[in-house]
Amino acid sequence: MQRITIHDVARTAGVSLATVDRVLNRRPGVRAVTVERVEAAVKALGYTPDVFAANLAKRRLYRLTFLIPNGPNAFMTDLRQEAERIASRVAGERVALTVQDIDAFDSHSVASTLALLDRTGCDGVAVVAPSSPEVRAGIDRLTLRGVPVVTLVSDHPASARAHFVGIDNMAAGRVAGRLLGRFLAGNRQGHRARIGFIAGSLGLRDHAERHGGCLEVFEELYPDFEPVRVREGRDDNDRTYDLTRKLLVEHPDLTGLYNMGAGNRGVIAALEESGRAGEITFIAHELTPYTRSALERGTISALIAQDPGHEIRSAVRVLKALIDGQPILDAQERIGIDIFLPENLPPVDGARKADKTTTVDAAPAALPRRKAG
């Protein structure tokens with residue numbers, strides 16, 4: 001079927017192209033009766049504007065800024081690489097996507113970065129936002145300056161952000177709780193299951209929600225599980241290594257472990273050095289070369305993951321829709337929660353194979369090699 005164009009609308013309504021353009025863009029200077037004729041033609045023909053073609057004709061440029069944490073977090077590195085790769089691809093669609101580094105654990109720094117942005121330099125912002133009053137205020141002020149803001153990976157619902165792109169982190173935590181319960185069923189021999197928790201920081205909303213969701217499942221389904229207080233490793237591998245090593249010493253009867261953030265290389269190294277890898281049920285987040293290898297070895301029992309490429313593409317689509325005043329397709333933008341076991345790991349592409357060969361085997365050696373105790 002041939003696409004309905006603005007020419008068809010003008011012909012049906014008996015008006016000029018300029019008049020149709022005025023009506024569609026809500027510009028003044030058109031009589032009410034003419035507006036009604038154009039709108040009736042639009043409805044009868046089922047016409048939908050070709051936003052891309054219109055923006056191309058107007059030479060419109062979408063200037064998007066993505067604020068993504070730097071540091072050793074492998075998932076954030078993947079997220080940044082996806083953003084840079086997609087930036088090259090969408091440049092031909094008149095989208096200028098810029099990636100700026102932020103420190104997710106420094107709320108004042110993130111707020112200062114938001115304060116420097118306005119409509120003279122960007123049309124839309126996606127940010128991995130720490131949950132703090134400073135960042136909320138920064139998002140609110142940027143929105144008031146006319147720049148739509150999308151939160152990425154970790155939400156800030158109390159702010160004026162226009163949309164959240166990421167998984168349901170409460171649901172992800174509940175998945176972790178259910179996995180721990182299933183893996184540990186029948187293996188406790190009458191003893192209470194003691195579960196350790198590691199987070200980057202409970203000041204990060206996604207980590208806090210995952211912790212809360214997991215505890216909900218324990219309360220509902222596994223009341224004999226005994227959660228240990230959360231250790232915060234700031235997503236740093238060396239720090240998380242030390243925390244995990246001390247956790248294993250303080251709780252020799254630990255049966256389960258849930259890392260809600262990054263720093264998985266540190267947890268993996270500590271478990272494997274202790275000789276308890278595979279004995280302790282370890283649930284982790286995000287599929288990276290390091291976690292893939294540990295899952296295949298049996299150090300990690302199961303991985304909960306999200307697709308960084310889908311999240312970046314979704315954020316671009318959502319920001320463009322917000323800028324154009326178009327509806328957001330919720331079904332298209334819903335980010336799924338993946339669960340990986342060794343049997344259903346996706347294939348590794350050439351780049352990942354090379355990355356895995358050169359970095360994964362070397363990673364544990366870069367961490368402190370100390371005996372527990």
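The protein exposes about 17,700 Å², of which carbon and sulfur atoms supply 51%; accessible areas come from the Shrake-Rupley method with a 1.4 Å probe, and for residues only the protein chains shown count as cover. The model is predicted, so local features need pLDDT of at least 70 and side-chain atom pairs count only at pLDDT 80 or more, while totals for chains, interfaces and linings use all residues. Residues are numbered from 1 along each chain as its sequence is written, and side-chain values use heavy atoms, with hydrogens and water left out.

Of the 373 residues of the protein, 48% count as buried. Buried means under 20% relative accessible area, exposed means over 50%, and partly exposed lies in between (1.4 Å probe, protein chains only). The protein has 15 helices and eleven strands; these are DSSP runs numbered from the N terminus, with helices being H or I of at least four residues and strands being E of at least two. Contact is defined as heavy atoms within 4.5 Å. Among contacts between residues at least 6 apart in sequence, 71% join residues at least 24 apart.

Five strands form an open sheet with parallel pairing, in the order β2-β1-β3-β4-β5. Two strands pair if DSSP finds at least two bridges between them. Strands β2 (95-102) and β5 (163-165) stand at the edges with a single partner strand each, so one side of each is left without a neighbour in the sheet. From one strand to the next, the twist averages 20 degrees. Within the sheet, β3 (residues 124-127) and β4 (residues 149-152) run parallel and are joined by three bridges. The bridge partner of A126 in β4 is V150.

Two helices that pack on this sheet can be described by their angles to β2. Axes are lines fitted to C-alpha atoms, for helices over the stretch in contact, and angles run from 0 to 180 degrees between N-to-C directions. Helix α5 (residues 74-90) touches β1 (62-69), β2 and β4, and its direction makes about 160 degrees with that of β2. Helix α6 (residues 107-115) touches β1, β2 and β3, and its direction makes about 150 degrees with that of β2.

Strand β10 (residues 302-305) is covered on both faces: A302 and I304 on one side, and L303 and A305 on the other, are all buried. Strand β10 pairs with β9 (residues 281-285) in the parallel sense over three bridges. In β10, I304 is the bridge partner of H285.

The structure holds 16 salt bridges, a salt bridge being a side-chain nitrogen of Lys or Arg within 4 Å of a carboxyl oxygen of Asp or Glu. One of them joins the side chains of E286 and R210 (3.9 Å, N to O). This pair links distant parts of the chain, with E286 in the loop between β9 and α12 (289-297) and R210 in helix α9 (residues 205-221), 76 residues apart. Both E286 and R210 are buried.

A further salt bridge is formed by R297 and E272, whose closest N and O atoms are 2.8 Å apart. R297 lies in helix α12 and E272 in helix α11 (residues 264-274), so the pair ties together parts that are 25 residues apart in sequence. R297 is partly exposed, with a relative accessible area of 44%, and E272 is partly exposed at 31%.

R317 forms a salt bridge with E333, with 3.0 Å between the closest N and O atoms. Since R317 lies in helix α13 and E333 in helix α14, the pair ties together parts that are 16 residues apart in sequence. R317 is partly exposed, with a relative accessible area of 29%, whereas E333 is buried at 7%. Salt bridges also link R192, R194, E226 and D253 in a network.

I328 is placed in the loop between α13 and α14 (330-333) and is partly exposed, with a relative accessible area of 22%. Leaving aside neighbours within four places in sequence, I328 is in contact with H163, V318, A321, L322 and E333. I328 and R317 are eleven residues apart in sequence, and their C-alpha atoms are 8.2 Å apart in space.

K320 is found in helix α13 (residues 308-324). K320 is buried yet has no salt bridge, and the nearest side chain of opposite charge, E93, is 4.0 Å away; Lys and Arg count as positive and Asp and Glu as negative, while His and the chain ends are not counted. Not counting residues up to four places away in sequence, K320 touches Y62, E93 and V95.
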